[in-house]
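Q: I have just opened this model and would like a guided look at it. Where shall we start?

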Amino acid sequence: MNQKITPRPSTLAAVAIIAMYTLLSLFRLGYPYAPGTSWQADRQGEEILLDLGETQDVGSLCWYLGNYEKRVFELYVGNGIPLTWVRLPDVEMRRVWQWDGSLVNMRCRYIKLITANEPAVINELIIKDTGGSAIEPANASDYPALFDEGFLYPGYGSFLSGTVFDESLFARTAYEYLHGLVSFEDTHPPLGKLIISAGIACFGLNPFGYRVPGAAAGALLLAVIWAFAKRLVKDSRMAVAAVALFALDFLHFTESRLGQTDSFLVLFTTTMYYFMYRYCEENERGSRGWRFLAGSGVFFGLAISCKWSGFYGGLGLALIWLAVLIRRFKRKGITRGELWKLCGVSVICFIIVPAVIYLLSYIPYVPGDPDKGFLEKVVENQVNMMRYHSHVGGDHDQGSKWYEWPLMLKPIMLHSVRFPDKKTEIVVLMGNPGLWWAGILILFWGLYDLAGRMEGRKMFLAIAYGIPLVPWLFISRYTFLYHYYPSLPFLALMTGVWAEEHGKKGKAVMAGCVACSAVLFVMFYPIISGMKVEEQYVVQWLQWLPGWKFAKSG
């Protein structure tokens, strides 16, 4: 007679956390629609000539730009018989797939836009009078793709309606992969953008479509952390607490809701370490564990195919692999034949397999010269990436140094709109102090413990946390807070291990961290999710440190 298997309460709790996180991540992720038809100019000097039917007071122009950023248009307004044109300041349409606008404040009958660069794509154009009402040109039928989706205009460029920060690079390139166009963003390997393109293919070219793959990666990462935590700690409550702590992290929540590639990088990096930990466990039991080496190598290949910073995590894998080998030598030795087999399997798992995955990710990549062969375009892109990253220097207004990351001294302002009614819409990339500040103290406590006793779990987590950070100490280019993201899962896991080791006091601290993180998540939710909120609330309650300048008072 088959016995019914009942899930453990801890498993149900973890599933509930992941489910709630997924639902909240999908809530207000972005509109599942956007202007789709477009007017296109293939050369400089092409014009849009609009007749308003009669002389009217034109207040502004609004537009939804297509897949070419920073398009400049000469702007003219015309009146009278004979027709006389007055040139106004050029209009620069900057951000792809986002609503934007420019003031005109002229009385005129005709409006003319002339492309100053090529190519140019506008998905929708709206003319407003001085009262904010839309004016439909008398000859709108001459430009059907420009004046057919104005009803989608939300009134301003919001987080929900279009791209923010680097989405304009990654989501655009994902779209270009789908349509076989020349790839705009070529400073990172293709895989992350390919995953984004799957969202666009399934849900359309809209904010929901290019953000939903990241949201899925964010939920999957919690599942990996749950599996990891169960291997690391015996107390299932501490494993659940580690998952909850990471689920409540601001940076993880915000980053996984963007059409960018970092959420995929962190998912694959954490998973490759999970399989390496399983390999370590198998070696302690006297087994080979080669299938776990293979799993680690596959996800290492996926990580580096998203971003080169995946190699930083690979340094940690190499260090752990070497430590396992040395421990095996000390424990019972290893024959020359076994050593050769292990090295051969490791070369296959961590060099050949990742290389194959990396090369396969380039299949849809289209370089500036489409006549180049496959290997030629791959090599050319590596040279371009190396040239780009080695020459990026100077300062960036959103950049920060590695030593500022754990304390969140400089969050990243991804998106900001201020409204006349003293409300604001903000998206900030920052961490939850309940994990970041408490976690860094626990990390140093754990390192102090390691100085007296080389304990395997904490040593593993310390390597996984710290090694991906080491290269950033020596990189001269400007860096950002999100470069700390790959270390955060191990900060949460280290907190769970520390709490278990310190008995009731440790578990009480862990409960306090989770409770504090939950309260802070609710407090900061408006500015990590792009909600419209009172400026005074942000100024009074959320701007704790000098670098936390999210809104203005008054």
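**Contacts, helices and strands**

Q: Which residues does alanine 492 touch, not counting residues up to four places away in sequence?
A: Leaving aside residues up to four places away in sequence, alanine 492 touches Ala242, Phe246 and Leu435, where contact means heavy atoms within 4.5 Å. This is a predicted model, in which local features need pLDDT of at least 70 and side-chain atom pairs count only at pLDDT 80 or more, while totals for chains, interfaces and linings use all residues. Residues are numbered from 1 along each chain as its sequence is written, and side-chain values use heavy atoms, with hydrogens and water left out.

Q: Is alanine 492 buried or exposed?
A: Alanine 492 is buried, at a relative accessible area of 0%; buried means under 20% relative accessible area and exposed over 50%, with partly exposed in between, using a 1.4 Å probe and protein chains only.

Q: And where does alanine 492 lie?
A: Alanine 492 belongs to helix α14, residues 488–501. Helices (H or I, at least four residues) and strands (E, at least two) are DSSP runs, numbered from the N terminus. In space, alanine 492 is 9.1 Å from alanine 244, C-alpha to C-alpha, although the two are 248 residues apart in sequence.

Q: Okay, switching to helices: how many residues does α10 have?
A: Helix α10, residues 336–360, has 25 residues, and the distance from its first C-alpha to its last is 35 Å, close to the 36 Å expected at 1.5 Å a residue. The expected span is 1.5 Å times one less than the number of residues.

Q: Where does α10 bend?
A: The bend in α10 is about 30° and falls at isoleucine 348, taken as the angle between axes fitted to the seven residues ending there and the seven starting there.

Q: What do the buried residues of α10 pack against?
A: They pack against α7 (262–284), α8 (290–304), α9 (310–331) and α11 (374–391). Among the buried residues of α10 are Leu342, Cys349, Phe350 and Tyr358.

Q: Then what about α11, which residues are buried there?
A: In α11, the buried residues are Lys377, Val378, Asn381, Gln382 and Met385. Seen down the helix axis, the buried residues of α11 fall within an arc of 140°, so they line one face of the helix; the arc is that of the directions from the helix axis to the C-beta atoms. The buried residues of α11 pack against α10, whereas Leu375, Val379 and His391, on the other side of α11, are exposed.

Q: New topic: in what order do the strands of the open sheet come?
A: The order is β8-β9-β10, with 3 strands in the sheet and antiparallel pairing; two strands pair if DSSP finds at least two bridges between them. Strands β8 (412–418) and β10 (532–534) are at the edges with a single partner strand each, so one side of each has no neighbour in the sheet. On average, neighbouring strands of this sheet are turned by 40° against each other, direction ignored.

Q: Which helix lies across β9 and β10?
A: That is α15, residues 503–529, which runs at about 90° to β9. Helix α16, residues 535–542, also packs on the sheet, where it touches β8, β9 and β10, and its direction makes about 70° with that of β10. For such values, axes are lines fitted to C-alpha atoms, for helices over the stretch in contact, and angles run from 0 to 180 degrees between N-to-C directions.

Q: Back up the chain, how many bridges join β3 to β4?
A: There are 8 bridges between β3 (residues 71–79) and β4 (residues 84–93), which run antiparallel. The hairpin of β3 and β4 has 4 residues between the strands, and glycine 80 takes a positive phi near 85° there. Proline 82 is in that loop between β3 and β4, and a cis peptide bond, with omega about 0°, joins isoleucine 81 to proline 82.

Q: Where is tryptophan 97?
A: Tryptophan 97 is in the loop between β4 and β5, and tryptophan 97 counts as buried at 2% relative accessibility. Its phi is near 50°, a positive value in a residue other than glycine.
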